[in-house]
Number of protein chains: 2
Amino acid sequence: MTESGSVAPVVGVIGGGQLARMLAEAAAPLGITIKVLAAANDEGASDIVVDVLSGAPDDRDAIRRLAAIVDVVTIDHENVDWQTLAELESEGVAVWPSVETLRLSDKAHQRRTFAEMGLPVPPFAVVSVGQGSADDRAGALDQSLTFLTEHGNSDGRIVAKASRGGYDGRGVWILDAAELPAFIDDYQGAPLVLEPLLDLELELAVLAARNPSGETRVWPVVETVQVDGMCDEVIMPAQVPEALAQQAIALGREVLERTGSVGVLAVELFVSGGELLINEIAPRVHNSGHVTIEANQTSQFEQHLRAVLDWPLGPTECVAPAAVMHNVVGDTSDPRANQAAGLAIFPGAHVHLYGKTPRPARKLGHVTVMGEDVETCRTTAEAVAAALTAQAKGSR
Amino acid sequence: MTESGSVAPVVGVIGGGQLARMLAEAAAPLGITIKVLAAANDEGASDIVVDVLSGAPDDRDAIRRLAAIVDVVTIDHENVDWQTLAELESEGVAVWPSVETLRLSDKAHQRRTFAEMGLPVPPFAVVSVGQGSADDRAGALDQSLTFLTEHGNSDGRIVAKASRGGYDGRGVWILDAAELPAFIDDYQGAPLVLEPLLDLELELAVLAARNPSGETRVWPVVETVQVDGMCDEVIMPAQVPEALAQQAIALGREVLERTGSVGVLAVELFVSGGELLINEIAPRVHNSGHVTIEANQTSQFEQHLRAVLDWPLGPTECVAPAAVMHNVVGDTSDPRANQAAGLAIFPGAHVHLYGKTPRPARKLGHVTVMGEDVETCRTTAEAVAAALTAQAKGSR
C-alpha cells in the first residue's frame, strides 16, 4: 500500500506522451492508479490523468518524488535518468524495465550485446565523435570511410544512427563518402552506429512481454511500414510465409528471454535477402503494438501493466482475420475537430487521438480497422486517417 | 468551441458513478473531453476524470456551471433536476437524452405512455400515496386490493414499484393482501406502479442508440439474469429462438423510434408465456450493455458519446460467438487488491473495476469473458468475479 492509503496498485510512468496516455487508458478499467511524471513540453497524458507530477525525465528529485508514491516505476520513453533509476533499484524499488534492460536502448550497446550473444544483427561499427578533438574526428572519419568501403551499398552509401536520443526517423542519416567528412566534422552527440543501407524486402515487429515471475507471452508478428523513417502503418498478420513468421516470433522470444526484459519489449526486424536481422529493440510499449488494443485478446498496454505488477499475463491471439493500424500524422488541422469526418468514412474504425497540438510530421493519433482481408483494411484505415487531418469545412 | 478554448468536443456528465467512469474511459481514445458533475458521495468517475465539478444532481447552479463549459450535457443516472435541464433546453443547450425522454424514466409516466402507444406492457395501476391524508391512503389501499383481486398470482401477491428513485432492486416490493394495509400506511414517496408478479421464463434487454440526425443502431439482444432484483449476469447472445430474438430487437427499435430518444436507450423485456412485455427502459448506458465493451464492434459507451455529439454511429455486431458479463458485487474485500487472483483464474478475462469502496450488495465492477459457448463463459466469468471479491490471503 502506498502512502496515499489507496488499496489500488499504483504505477508511476516517467514521461507524459501518448504511450503514458494509453497506459492510463488501459489502467482505468483494471482499477490501477496511474501517476505520470510529465515534462513541461509533454502532451498526451495530462488531459486524462488525474495525478500528474511536473518534472523532466532527467530530474533526479522529480523521479524520486514519483517513486515515493507508487508501487512500480515504468517509462513512456527511454530518455530518462538511468542513474537515478539504478539508485532506486538498489534501494529495492520495483523499476521495470530494469536499468540493465533500459541500457539496451543505447543502440551501440544494443548492437554489441546482441552480436556477443550471437543474435542476428546487421554488420555495424560504433564511431565516437562526440565533442572530440580534431584528432578524434579524423579517426572517426577514417573508421567511417573504412566501414563504407566494406559495407557501402551499390551507390556507396551507409546509414549512421545516433546511439541515443533518436526517434521517428530523427537521429538517422544516409551518407556517402563525399558527405561523410562534413557530417563527422559537424556532428555532436552520442556515439554513432554505422550500418549498411540494406536492401529490405520488408520490416517486421514482434511484441513480447514478460513478468518478473518469468511468465512470457508473444503476439503474432506484424509488418511495419515506415515513411520518412517513421512508422506509418502496421499490418496484422504480417504478409509473410508462415515459416518466416514463426522464425520471427522465435527470435522475438529469444531476445526477450536472453535480455531478461520485464514488461513489453518491441523487437523490430529487417527482412533482407529472406533473412531476419534485428534492427532495434524498444523495452516498452511501442507504435507497432497499438493495433493490439482492438485486434488482440490482450492489448500491449494492459499487458505491460500486468507484467510490471507481476500479475498473470493475458492471451495474445488475434480476434479478427486482419487488422491494420494507420498513424494520424500532424498537419495544421486538429483531428480532435474531425472525428465525425473520420468515422463517416468507416463507422467501424477505432479512432485514437493523443491530445497533442498539431505540428507537421507529429504523431497525433492512430486508427485501427479490422476486417476479413489486409488490403481492404489498409485502404480504409488510410482514408480514415486522412479525413482526421484534412481541413474540415466546418472547422472550428 | 467551449470557453476553455479547446478544439476537442466536451461532454458534460451529471453524476459521477461507474457509468460516468466508463463514458470517460471511452472518451479518452476518441479525443473527447469529459467533465463530470459529481455529488459528495459519488464514487467511480473522480479517480480517472481530470475535470470534476462538485455538486448534487438536483443543484440548479451546479448543473448550470457544468452546462456553461461543455458542448453537450448527458447523464450518469436519471435522478437529476429535470426542471433545470428543461430550462437549458429552452435556451438552446444540447441536452441528451432530452427532458421528454428523461421523464419516461418515471415508471408511472412510462407505463401510461407505452400503453397509450399500444406497446406491450404488463397490466398495471398507478397508485398515489405520497404524504397523503388518511382518506388518500384508504383510497390507495382500495385501489391496490382491487388490482390484487384482478391480477394477483396464485399466491395472491402483486408487485409494487416506486415510480421514481428506485434502482438495483431498491424501491420494489412483493406484497399480498395481508401486507398491503401496513405497507400503504407506511409508504411515503413517488406514486406506486402496481403490476402482476409475472411468471417469467427469462428477461432480455435490447440496447439501442440514436443520434439527433436520426441514425439508429441496435445491438443483438442479450439475456439478463437478476439476483435479488439486481442484474448479476448478462449473456450474449440471448439463448432464445431466433424468432423471439428478432421480435425483441424489433420491439427495442420501435421503443427507440417512438420515443425519439437520443443516446443509448436500454429496453428491459420480460418473456412470459412466450410473449414479450416491456419491463422498463433506461434512457442511458446500462448494466446490460457493459458486455458490449469487448464483445461488440462498438461499445455502448463509445456509441452514447458518438450519439450525443451527433457523430456517425458504429456497427454493433458481436465479435465472438459467446460473451458473458458477471457483476462484481461488494463484500468486505476490495477487488482492487485482488486483480491478480481474478486473472489467475482465467487470464483472458476482461476485468473492470469502478473505484468504489466495498459495501455488501454494491456493484464494484464487472468481468466479461468471451469464448465459443455461453456455458463455459458463464462458469468462467462467475469464478473470476468471485475471486475478485474473495478475501485474499495476502490482502493488504
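This note goes through the predicted model of two chains point by point, from the whole assembly down to single residues.

1. Reading the model. Residues are numbered from 1 along each chain as its sequence is written, while chains are lettered from A and ligands numbered from 1 in the order in which they are written. Because this is a predicted model, local features need pLDDT of at least 70 and side-chain atom pairs count only at pLDDT 80 or more, whereas totals for chains, interfaces and linings use all residues.

2. How the two copies are related. Chain A is superposed on chain B by a rotation of 180° with 0.0 Å of shift along its axis, and the RMSD is 0.0 Å; the superposition is by least squares on the C-alpha atoms of residues with pLDDT of at least 70 in both copies. The two copies are thus related as by a two-fold rotation axis. In chain A, the C-alpha nearest this axis belongs to A:Val50, at 2.5 Å from it.

3. The interface. In this model 33 residues of chain A are in contact with 33 residues of chain B, where contact requires that two C-beta atoms, placed from the backbone, lie within 7 Å. On the side of chain A that touches chain B, the elements giving two or more residues are α1 (18-30), α11 (339-345) and β17 (350-353) of chain A; helices (H or I, at least four residues) and strands (E, at least two) are DSSP runs, numbered from the N terminus. The residues on that side divide into 21 nonpolar, 7 polar and 5 charged, with Ala, Val, Leu, Ile, Met, Phe, Trp, Tyr, Cys and Pro counted as nonpolar, Asp, Glu, Lys and Arg as charged, and the others, Gly among them, as polar. Since 100% of the interface residues of chain A are also interface residues in chain B, the copies meet through the same surface.

4. Domains of chain A. Chain A is divided into domain 1 (10-95), domain 2 (123-196) and domain 3 (202-389), with bounds that come from an automatic or database domain assignment. Between domain 2 and domain 3 of chain A, the C-alpha centres lie 30 Å apart.

5. The nonpolar core. Which residues have the most contacts inside the largest nonpolar core? They are A:Leu23, A:Leu269, B:Leu23 and B:Leu269, in a core of 208 residues; such a core is a set of buried Ala, Val, Leu, Ile, Met, Phe, Trp, Tyr and Cys residues joined through C-beta atoms within 7 Å. A residue is buried if 20 or more other C-beta atoms lie within 10 Å of its own, exposed if 12 or fewer, and partly exposed in between. Leaving aside neighbours within four places in sequence, A:Leu269 is in contact with residues including A:Leu204, A:Val206, A:Leu251 and A:Ile278.

6. A parallel sheet in chain B. An open sheet of 5 strands in chain B has the order β3-β2-β1-β4-β5, with parallel pairing; two strands pair if DSSP finds at least two bridges between them. At the edges stand β3 (51-54) and β5 (94-95) of chain B, each with a single partner strand, so one side of each is left without a neighbour in the sheet. The partner of β5(B) is β4 (residues 72-75) of chain B, joined to it over 2 bridges, and here B:Val73 stands opposite B:Val95.

7. A covered strand in chain B. Strand β16 (residues 322-329) of chain B has 8 of its 8 residues buried. In a regular strand the side chains alternate between the two faces of the sheet. Accordingly, B:Ala322, B:Val324, B:His326 and B:Val328 point one way from β16(B), and B:Ala323, B:Met325, B:Asn327 and B:Val329 the other way. Strand β13 (residues 230-236) of chain B runs antiparallel to β16(B) and is joined to it by 4 bridges, whereas β18 (residues 363-371) of chain B pairs with β16(B) in the antiparallel sense over 8 bridges.

8. Backbone details worth checking. A cis peptide bond joins A:Met236 and A:Pro237, with omega about -5°, and A:Pro237 lies in the loop between β13 (230-236) and α8 (242-259) of chain A. Helix α10 (residues 300-308) of chain A has 9 of its 9 residues buried, and α10(A) is followed by A:Asp310. Although A:Asp310 is not a glycine, its phi is positive, about 60°, and this residue is partly exposed, with 17 other C-beta atoms within 10 Å. A:Asp228, also not a glycine, has a positive phi of about 55° and counts as exposed, with 10 C-beta neighbours inside 10 Å.
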